[in-house]
Amino acid sequence: MVKQRQPKKSKSEIRNPKSLVGVVMGSKSDWETMRATSETLDRFGVAHLCRVMSAHRTPALASEFASSAESRGIEVIIAAAGGAAHLAGVIAAHTVLPVLGVPMKSDALNGLDSLLATVQMPAGIPVGTLAIGKAGATNAALLAIAILANSRPELKKKLREFRAEQEKKILETKLD
C-alpha cells in the first residue's frame, strides 16, 4: 500500500483511496503501537487508512467517519484508544461494519482501564476486543484480514502461508 498524506483532510491521516480497513486511534501517541497494525496490513497487501480522532475531543468527526465508512468501501474498522477508551464503542454505535478494539497501555492502570472500557459494550453494539498494546494491534490486523479473506481467496491463501511460517519458526526453534 502506498501511503500518502492528505493535508486537506487532516494532518493526522494516512490514507489510501481504496482502503478496505480503517484504522483509527485516539491520539498520535497511539501510533507507536498501532504502527504494528499498519505494517501487518501492508505485509498482506491490504489497503487501509490510518487516522487520529477522539471519541471525546472530536465526537462529530468520529461519528461522521463511522457513518460514512461503508459507503467509502471500508469493510472493517480497527479502533484504538487508552484510558476511558470509548473510541471503538462510539465507532461501533455509528456503523454496522465489524469494529475491532485495541486497548492502549496507559500510565494510570497499565492498560487495564482501556481493556475494560473497550470490552464492556452493552448488548447490541459489539466491539471485538483484542489484547492490550502491540500484540492486540498485530492481532487486530490479522483478524481484519481473516474477515476480509472470507470473500477474497488470495487473502485466505496469504493467511494460510503466514500461519505455516509461524508454525515452521516454532518447529525449527532449538534450545541451547
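## Starting with a definition

Let's sort out one word pair before anything else: a residue is buried if its relative accessible area is under 20%, exposed if that value is over 50%, and partly exposed in between, using a 1.4 Å probe and protein chains only. Take Glu165, which is partly exposed, with a relative accessible area of 35%.

What you're looking at is a predicted model, where local features need pLDDT of at least 70, side-chain atom pairs count only at pLDDT 80 or more, and totals for chains, interfaces and linings use all residues. Residues are numbered from 1 along each chain as its sequence is written, and side-chain values use heavy atoms, with hydrogens and water left out.

## The strands in the middle

Helices (H or I, at least four residues) and strands (E, at least two) are DSSP runs, numbered from the N terminus. Start with strand S3: 5 of its 5 residues are buried, so the rest of the structure largely encloses it. Val21, Val23 and Met25 sit on one side, with Gly22 and Val24 on the other.

## Who pairs with whom

Two strands pair if DSSP finds at least two bridges between them. S3 pairs with strand S4 (residues 48-52) in the parallel sense over 5 bridges, and Val23 stands opposite Cys50 in S4. To get from S3 to S4, the chain goes through helix H1, making a right-handed β-α-β crossover. Right-handed here means that, with the strands pointing away from the viewer, the path from the first strand over the helix to the second runs clockwise.

S3 also runs parallel to S5, joined by 5 bridges. Across that pairing, Gly22 stands opposite Ile77, and the bridge partner of Val24 in S5 is Ala79. S5 in turn is joined to S6 by 5 bridges, again parallel, with Ala80 opposite Val102. S5, helix H3 and S6 make another right-handed β-α-β unit.

In soluble globular proteins, nonpolar side chains tend to be buried together. A nonpolar core is a set of buried Ala, Val, Leu, Ile, Met, Phe, Trp, Tyr and Cys residues joined through side-chain atoms within 4.5 Å. The largest one here has 29 residues, and Val21, Met34, Val46 and Ile78 have the most contacts inside it. S3 (21-25), H1 (31-43), S5 (76-81), S6 (99-103), H5 (134-149) and H6 (153-171) each supply at least two of its residues. The largest share, 8 residues, comes from H5.

Which residues does Ile78 touch, leaving out those up to four places away in sequence? Counting a contact as heavy atoms within 4.5 Å, its partners include Val21, Met34, Leu100, Val102 and Ala144. There's also a second, separate core of 20 residues, which includes Ala66, Ile77, Ala81 and Val99.

## One face of helix H4

Which residues of helix H4 (residues 112-119) are buried? They are Asp113, Ser114 and Thr118. Seen down the axis of H4, these buried residues fall within an arc of 125°, so they line one face of the helix. That arc is taken from the directions from the helix axis to the C-beta atoms. What covers the buried residues of H4 includes S5, H3 (87-93), S6 and strand S7 (128-129).

## Salt bridges

A salt bridge is a side-chain nitrogen of Lys or Arg within 4 Å of a carboxyl oxygen of Asp or Glu. By this rule, the count comes to 4. One of them joins Glu165 to Arg43, with the closest N and O atoms 2.5 Å apart. This pair links distant parts of the chain: Glu165 is in H6 and Arg43 in H1, 122 residues apart. Arg43 is partly exposed, with a relative accessible area of 48%.

Another connects Glu75 and Arg152 (2.6 Å, N to O). Glu75 lies in the loop between helix H2 (59-69) and S5, and Arg152 in the loop between H5 and H6, 77 residues apart. Is each of these two buried or exposed? Glu75 counts as partly exposed at 31% relative accessibility, whereas Arg152 is buried at 16%. Glu172 and Lys168 also meet in a salt bridge (3.8 Å, N to O).
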